[in-house]
Amino acid sequence: MSATLLQKVWDAHTVRRLPNGQTQLFIGLHLIHEVTTPQAFDMLRARGWGVRFPERTIGTVDHIVPTLDQRRPFLDVMAEDMLSALERNCREAGVRLLDLTSGAQGIVHVIGPELGLTQPGMTIACGDSHTSTHGAFGAVAFGIGTSQVRDVLASQCLAMDPLKVRRIRVRGRLSRGVYAKDVILGIIRRLGVNGGVGYAYEYAGETIERMTMDERMTICNMSIEGGARAGYVNPDQVTFDYMRGRKFAPQGDAFESACAWWKRMASDPDAAYDDDVEIDGSSIRPTVTWGINPGQSVYVDEPLPSAAAGGSEGAGIGEALDFMGFRAGQRISGTRIDVAFVGSCTNARLSDLREAAKVIRGRHVAPHVRALVVPGSQPVRLAAEREGLDRIFLDAGFEWRGAGCSMCLAMNPDKLEGREICASSSNRNFKGRQGSPTGRTLLMSPAMVAAAAVAGEVVDVRELADGH
Ligand code: SF4
């Protein structure tokens, strides 16, 4: 019988159906970090339980690490305590930890794919909402809470509600200056921040098929911002080419056999979907959020909506305009920024840094702007330095930082101050997200962040000659 990838992966990992309608699902890979694990390990310890499959658990440190001075002990005592707890827990449980000395440390959703830990057909869980990123490989991946982290550590299983599947087909060629970030912001704007509740999103169509793995990761990463529990792309040759030779990917003949299995896990052409949506990719323009959730976005050359707008568009517009200090009808372009942040698990891969560097090459950050680039992982940073991208950023007046989550959620010293406005390549623009309760976040592509840094205000990256 025809099936979607979600159904196939789900069935392959089902331990049993539970009486309450949930499924006990085996988790192939559990990624852990310093923030959502200390309590989970404490709960395990209190019950005298161990980690069931340490070899299926991998740790890294990302949320709290300082990106400027990473010497131990950290100046921030709480950060030092969290990292020390993770180190102790991993050591005691026999879990591999990719720490700051490993050369492989970075944001959990960057390092999984980079190392080939993330593979098609897998179930992946992590105590972080943006675990959906790994779906780019045709994995079923979702974020979990601390008590579920405990459950996975103890049993390698999760009790999961069934999911519906919405296929989102993106058609057409993206225009110059339009990136994967604009596509996913457009999808969330169209379907709403709660539109995906109860669903996994399957991204398809020729626009997605043409995308690199980095671009697919950007798309899948923000599935959660559209309310979806997971998002995925069917594995194809682009996926296999990316996987080949990665440290934890199957090697030699085993790789060829794995490819054959991965192909079979893709959705069948005649699979049935609970919902089907088409998006015209060719009409998407560079996009910027103007509000306090990722669904509140406009094209850079479009007026902001009015609080009088009806339906889901109208909900929350007044509150968002008030918080942001914007007026209905004004353009987002021309908004003066204070901070430019290129980073996060959405957009801090090598290709993102390259796109931002293209825009700033030979230009300089505006005098009033604080600009920082925070690579997604140590290998991204190293690869960027080998290409000389660090020099381009430094010459332009950007700060070149160590790998981590940084100003995406400001659990480290990288924070907005007061009412500052930040052009950010991250994924959430909630009130207070970047460390100041009154700070304001404008989400956009890394190229648009770079353009804003140079101009000192939001501008259309297409107006910069070599923007894309
Ligand atoms: S970069 Fe942001 S969204 Fe991604 S894992 Fe870190 S804190 Fe979470």
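Gln156 is found in the loop between helix H5 (146–155) and strand E8 (157–160), where helices (H or I, at least four residues) and strands (E, at least two) are DSSP runs numbered from the N terminus. Gln156 is not a glycine, yet its phi is positive, about 65°. With a relative accessibility of 0%, Gln156 counts as buried; buried means under 20% relative accessible area, exposed over 50%, and partly exposed in between (1.4 Å probe, protein chains only).

The model is a predicted one, in which local features need pLDDT of at least 70 and side-chain atom pairs count only at pLDDT 80 or more, while totals for chains, interfaces and linings use all residues. Residues are numbered from 1 along each chain as its sequence is written, and side-chain values use heavy atoms, with hydrogens and water left out.

**Backbone particulars**

Ser344 is a further residue other than glycine with a positive phi, near 90°. The loop that holds Ser344 runs between strand E15 (339–342) and helix H13 (350–360). Ser344 counts as buried because its relative accessibility is 1%. A cis peptide bond, with omega of about -10°, joins Arg72 and Pro73. Pro73 sits in the loop between E4 and helix H3 (77–93).

**Ligand shell**

Ser344 also belongs to the surroundings of the ligand, together with His63, Ile107, His109, Asp128, His130, Cys345, Cys405, Cys408, Leu409, Asn427 and Arg433; a residue is near a molecule or strand if one of its heavy atoms lies within 4 Å of it. Sorted by class, this shell has five nonpolar, five polar and two charged residues. In that scheme Ala, Val, Leu, Ile, Met, Phe, Trp, Tyr, Cys and Pro count as nonpolar, Asp, Glu, Lys and Arg as charged, and the others, Gly among them, as polar.

**Sheets and strand pairs**

Four strands make up an open sheet with parallel pairing, in the order E11-E10-E9-E12; two strands pair if DSSP finds at least two bridges between them. Strand E11 (230–233) and strand E12 (275–280) are the edge strands, each pairing on one side only. On average, neighbouring strands of this sheet are turned by 25° against each other, direction ignored. Helix H8 (residues 213–221) packs on the sheet and touches E10 and E11, contact meaning heavy atoms within 4.5 Å. The direction of H8 makes about 155° with that of E11; axes are lines fitted to C-alpha atoms, for helices over the stretch in contact, and angles run from 0 to 180 degrees between N-to-C directions.

In a regular strand the side chains alternate between the two faces of the sheet. In E11, Ala230 and Tyr232 point one way and Gly231 and Val233 the other, and all are buried. In strand E3 (residues 29–32), Leu29 and Leu31 point one way and His30 and Ile32 the other way, again all buried.

Another open sheet has five strands, in the order E17-E16-E15-E18-E19, with parallel pairing. Strand E17 (399–400) and strand E19 (440–443) stand at its edges with a single partner strand each, so one side of each is left without a neighbour in the sheet.

| Strand pair | Bridges | Bridge partners |
|---|---|---|
| E10 (199–204) and E11 | four | Tyr201 and Gly231 |
| E16 (370–373) and E17 | two | Leu372 and Glu399 |
| E3 and E6 (123–126) | three | His30 and Ala125 |

**Two buried loop residues**

Ser425 lies in the loop between strand E18 (421–424) and E19. A relative accessibility of 0% makes Ser425 buried. A polar atom of the Ser425 side chain lies 2.8 Å from the backbone oxygen of Gly343. Leaving aside neighbours within four places in sequence, the residues in contact with Ser425 include Lys181, Phe341, Ser344, Asn347, Met444 and Val449.

Gln22 is in the loop between strand E1 (14–17) and strand E2 (23–26). Gln22 counts as buried, at 18% relative accessibility. Not counting residues up to four places away in sequence, Gln22 touches Arg17, Ala159, Met160 and Asp161. With the side chain of Asp161, the side chain of Gln22 makes a polar contact (3.2 Å). A polar contact is a pair of N or O atoms within 3.5 Å; within protein, one must be able to donate a hydrogen and the other to accept it, and residues adjacent in sequence count only if both atoms are side-chain atoms. From Gln22 to Val95 the separation is 73 residues in sequence and 29 Å in space, C-alpha to C-alpha.
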